Structure formats: structure tokens, C-alpha cells
Amino acid sequence: MIKVDNVSMKFNLGIEKNFSLKLFFINLFKSKKNKPKKETFWALKDVSFEVKKGEVIGFVGSNGAGKSTMLKVIAGVMKPTIGKVTVNGNICPMIELGAGFDPELTARENIYLNGAVLGYSKEFLKSKFNEIVDFSELRDFLDVPVRNFSSGMTARLAFSIATIVDPEILIVDEILSVGDIAFQQKSEEKMKSMINGGTTVLFVSHSLEQIKKICTKAVWLDHGTVKMIGNTEEVCNAYYESQMK
Amino acid sequence: MFLKNIMANLKKYSFLLQQLISRDFKVKYKRSVLGVLWSLLYPILTMAVMAIVFSNVFKMSTPGVNYLAYLLSGLVMFNYFSEASNLAMSSVVANFSLINKIYIPKYIFPLSKCLFVGINFLLTLIPLYIVLFATGTGVNIYHLMLPYAFICLFMFTLGMGFILSAVSVFLRDMFYIYGIIIMLWTYLTPIMYDIKLISVELQTLFKLNPMYHYINFAREIILYHRIPQPFTWMVCLGSSLAVLLIGVVVFRKTQDKFIYYV
């Protein structure tokens with residue numbers, strides 16, 4: 001389903017500083033020796049793994065280990081510097097919900113806008129509109145601009161739109177803590193039903209509890225390399241121990 | 001093959017394109033009292049201000065044709081270019097939060113801006129035609145050829161939009177630089193004056209500006225009631241296709257790097 005082949009990802013850390021016009025001209029006149037060396041950072045180094053259909057993969061690792069970068073590469077947002085990613089199936093990326101919202105528009109308008117951003121068709125959105133609204137429990141606020149929504153309400157709406165499809169691959173980056181307790185439970189159930197329906201899930205979380213609960217396999221990333229891959233319980237325990245040292 | 005790919009891609013994302021354009025419309029007019037009426041009022045008012053300044057203060061006139069019609073016909077076309085290219089330039093940077101999270105073909109942002117301003121442009125044709133009738137300039141059958149100039153103008157603007165949006169990702173100074181460029185461009189394009197007012201040598205130089213030819217094409221029809229010269233037809237198509245092609249190439253070559261310059 002997903003095949004990650006020797007993927008490496010390079011970032012230039014110095015980029016921001018080097019790209020103003022002033023510095024550009026200053027650098028033009030500087031001799032090559034004085035030029036600051038571009039600092040490069042490998043967010044991923046030679047990562048390879050495979051995900052089969054229906055598997056639920058959890059990614060663990062400390063901050064900056066490359067988890068989110070890995071998901072972005074799989075989602076097609078970034079192209080790997082070296083290596084190749086092959087994905088068969090449509091992806092539903094739930095990386096930071098509500099990125100496609102426009103605060104000036106009403107909830108109703110945003111459902112269509114965000115749906116379009118996620119690649120849904122018009123007919124599909126029309127037929128699922130009520131389902132989305134019901135799930136988000138925001139029917140009374142349909143014609144209110146999203147800028148007046150609380151963050152919880154925004155997240156609920158975003159979650160409801162993102163999960164209305166039955167994607168073949170679902171990418172989740174720390175989102176199960178959406179809304180109030182009741183909605184959290186509801187969203188967790190929704191996730192479970194999607195998993196049971198055979199959706200392949202890539203899941204990033206710092207909560208080992210959650211990973212142990214829903215994942216069938218885990219990948220431990222450490223400074224951009226795969227430290228361990230395999231049984232969820234074993235990987236989580238090994239990671240936990242390394243962190244506690 | 002290449003073209004077929006583009007068409008399939010456009011079809012796939014046409015709903016998103018449509019949503020982005022309607023979003024722009026809603027956001028633009030939502031909180032204004034007169035709403036979409038502004039699209040009609042704005043060019044009229046700009047024209048009025050310019051007409052007062054240039055025909056009264058500078059004693060500008062265009063022999064044989066009405067100055068108001070002359071001014072507005074150039075103005076609506078140049079306004080389209082300046083507004084659309086400006087919005088297209090910032091469209092990629094403005095949507096970084098999206099580009100950073102979800103895969104969307106990035107060309108859709110400049111394209112949606114050029115189309116959005118294009119619809120606005122069609123609205124501004126209403127005040128133009130009102131002025132044409134009010135000033136006794138009238139219309140003729142050749143007006144059916146105007147869409148040719150508009151399509152060329154659109155392709156040229158889209159090409160510029162691609163170039164500008166790609167460059168501004170790497171060089172944020174572009175926003176300021178382009179502000180100056182567009183101001184210079186406004187004055188170097190014969191919008192409020194006749195090109196015959198300047199010396200012959202300079203005229204050749206001024207004619208290197210594609211915008212002059214699109215506006216000239218439209219003016220030949222609107223003001224002088226005649227079919228534009230074959231040369232004008234060719235220059236319009238040639239320059240717009242060339243710029244569009246350059247834009248597409250620049251954009252395609254650089255788009256994968258956008259993400260590192262967030």
C-alpha cells in the first residue's frame with residue numbers, strides 16, 4: 001500500500017537569513033571563502049519501511065525526530081531529497097485540522113471550501129452535507145462566520161469534514177484531543193470504525209497509551225533514522241525506557 | 001499528452017478552483033455596504049479623478065476620439081493586469097499554511113486569482129459601455145473581436161502571475177519591488193496619454209511593452225471602429241503565449257522548492 005524506499009530529506013537551516021535582497025547583494029561581493037556555509041540538516045536519513053493495507057502504524061520519537069516530516073513526505077506535500085515513496089490509494093491527511101478554513105466565511109461555506117481543498121467532489125459534499133453538520137453538532141451555527149467560533153468548535157467542524165470520506169489511507173498527526181470530552185470520545189469511536197473498515201492509518205502521537213490502544217505496528221524514529229520497527233508493545237516500551245534514562 | 005494531462009488535472013481540481021474564486025468574492029464584498037456595486041463604481045470614479053487631473057490640469061486630449069472613452073478603455077485593461085498580477089504574486093505565499101499540509105497543485109492559487117479578477121474585469125466592462133454610449137462613441141460589429149484581446153491579456157497576466165508568485169517565495173522583497181515596477185509600468189503604458197505625444201524614437205521603445213498592444217488592439221476597435229492590423233493580432237498572441245510559457249516553466253521548475261522557504 002505504502003512503500004518508503006531509502007528516503008532522505010535535507011533542509012537548509014540558513015535559508016531564511018540568506019534570502020533578503022540586501023544579504024544577497026552583500027554575498028555577491030563577498031569572496032567565496034567568507035561566505036557562511038549553508039547549514040544543512042537531515043530531517044530523515046535513509047528511512048525505509050512498508051505499510052500493508054489495513055495496518056495501523058504508530059510513529060513515536062522525541063520532538064524533531066522527523067515524524068511529521070515523514071508524514072508530509074508520504075502525503076505528497078514534500079518531495080524527498082533522495083529516495084522514493086510509492087502510495088497506492090487516496091490519502092486523507094488530517095495534519096492540523098482546519099488549515100483550509102477561511103475565517104470570514106460561514107461554517108456552511110467553509111464546509112464546501114475545506115471539502116474542496118481535501119479533494120472532495122461537489123456532488124459528494126452535497127450528499128454528505130447533513131451528515132457532516134450532524135456529526136459536528138453545529139447546526140445552530142451554520143451561518144456564523146468561523147472567525148466567531150471557539151477553537152473547539154472549529155476543530156469539531158474540521159474533524160467532521162475530514163472524516164466524512166472513507167479514505168484508503170488516513171494520516172493523523174496528534175488530533176484525537178479535539179473538542180470536549182464527549183466529542184473526543186465520539187471522534188475516537190469514529191477513528192476506530194474507520195480502522196475496522198480496513199483503512200490504513202498512519203498515526204503520530206506523543207501519547208504511548210493511544211498508540212498502544214489502536215496501532216498494530218509501531219515505528220520509532222530517532223534523529224531522522226528508524227531506530228526500531230515492529231510490534232507496538234515492544235517498540236513503545238523500548239522508546240519509553242530510552243526516554244526515562 | 002502534456003496538454004491532456006493539464007486538462008485532466010484542471011477537471012479534477014475545477015471544484016476547488018470554483019470554491020477559491022467564490023471565496024474571494026464573498027470575502028471581498030461581505031462587509032461592504034455597496035458590495036458588488038463597487039466593481040462598477042470603482043473604475044468610474046478612478047476614471048473621473050484621472051479625467052479631471054489630466055484633461056483639466058495637464059490639458060491632455062486625444063484628437064478625434066473622446067478622452068473619457070480613451071481613458072477608460074485603457075484603464076480597465078491595465079487595472080485588470082495590475083490587480084490580478086499583484087494578487088497572484090502573493091497567492092502562493094498567502095496559502096503557505098495549506099501548501100504545507102495538504103497536497104494541492106500550487107498553480108491553482110495564481111490561476112484562481114487571475115480568474116477571480118477576470119470576472120471582476122467583465123463587470124467593469126459595464127461602466128465602460130455606459131461611457132461609450134454616453135459619450136457618443138457607440139459600438140460596432142468589430143466589438144465581437146474584443147475577447148481575443150482579453151484572452152491575450154489574461155494569458156499574459158497569468159504568465160506574469162506564475163513568474164511573480166514563484167520569485168516572491170524566494171525573494172520577499174519582490175512585493176515592494178513590484179509595487180514600484182507596476183507604478184512605473186502604469187506611466188510607461190499609454191493609458192492617459194496618446195503614444196503619438198512622445199518622440200518617434202521613444203515610441204519604438206514603448207511598443208516593446210505588451211500591455212500597449214493589448215490596449216491598442218481594444219482601442220482600434222472601440223475608438224476608431226476598425227479592425228486591428230494583422231501585426232497587432234500577431235504581437236498580442238505572440239507576446240502573451242511567450243510570457244505564459246516562461247511563467248509555466250519557471251513555476252514548474254521551482255514549485256517543489258517552495259516548501260523550504262515557508
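What follows is a chat about strands, domains, backbone angles and a surface patch in a predicted model.

Visitor: Start with β3 of chain A. Is that strand mostly covered or mostly open?
Guide: Mostly covered. β3(A) spans residues 56-60, and five of its five residues are buried.

Visitor: Which residues sit on which side?
Guide: Val56(A), Gly58(A) and Val60(A) are on one side of β3(A). Ile57(A) and Phe59(A) are on the other. Both faces are covered.

Visitor: Why that every-other pattern?
Guide: Because side chains in a regular strand alternate between the two faces of the sheet.

Visitor: Which strands does β3(A) pair with?
Guide: One is β7(A), residues 200-204, in the parallel sense over four bridges. Another is β8(A), residues 217-222, which also runs parallel to β3(A), joined by four bridges.

Visitor: Give me a residue pair for each. What is the bridge partner of Ile57(A) in β7(A)?
Guide: Leu202(A). On the β8(A) side, Val60(A) has Trp220(A) as its bridge partner.

Visitor: Now the loop between β8 and β9 of chain A. Which residue there has a positive phi without being a glycine?
Guide: His223(A), with a phi of about 45°.

Visitor: Buried or exposed?
Guide: Exposed. The relative accessible area of His223(A) is 56%, and the cut-off for exposed is over 50%.

Visitor: What about chain B, which residue has a positive phi there?
Guide: His225(B) has one, about 55°, and is not a glycine either. His225(B) lies in the loop between α10 (210-222) and α11 (230-254).

Visitor: Switching to domains. How is chain A divided?
Guide: Domain 1 takes 1-6 + 47-90 + 168-245, and domain 2 takes 96-166.

Visitor: How many residues are in contact across the two?
Guide: Ten from domain 1 of chain A, with twelve from domain 2. The domain centres, taken over C-alpha atoms, are 25 Å apart.

Visitor: Last topic, the nonpolar surface patch. Which residues form it?
Guide: Val33(B), Leu34(B), Leu37(B), Trp38(B), Leu41(B), Tyr42(B) and Leu45(B). Together they have about 690 Å² of accessible area.

Visitor: Where does Leu45(B) sit, and how open is it?
Guide: Leu45(B) is in helix α3 of chain B, residues 37-57. Leu45(B) counts as partly exposed, at 42% relative accessibility.

Notes:
Residues numbered from 1 in each chain as written. Chains lettered and ligands numbered in written order. Predicted model: local features only at pLDDT ≥ 70, side-chain atom pairs only at ≥ 80, totals over all residues. Heavy atoms only, no water. Patch = residues over 30% accessible without salt bridge, like charges linked within 9 Å, V, L, I, M, F, W, Y side chains within 5 Å. Areas by Shrake-Rupley, 256 points an atom, 1.4 Å probe, with all protein chains shown as cover. Salt bridge = Lys/Arg side-chain N within 4 Å of Asp/Glu carboxyl O. Helix = DSSP H or I, 4+ residues; strand = E, 2+ residues; numbered from the N terminus. Buried < 20%, exposed > 50% of the residue type's maximum accessible area, 1.4 Å probe, protein only. Pairing = 2+ DSSP bridges. Domains from an automatic or database assignment. Contact = heavy atoms within 4.5 Å.
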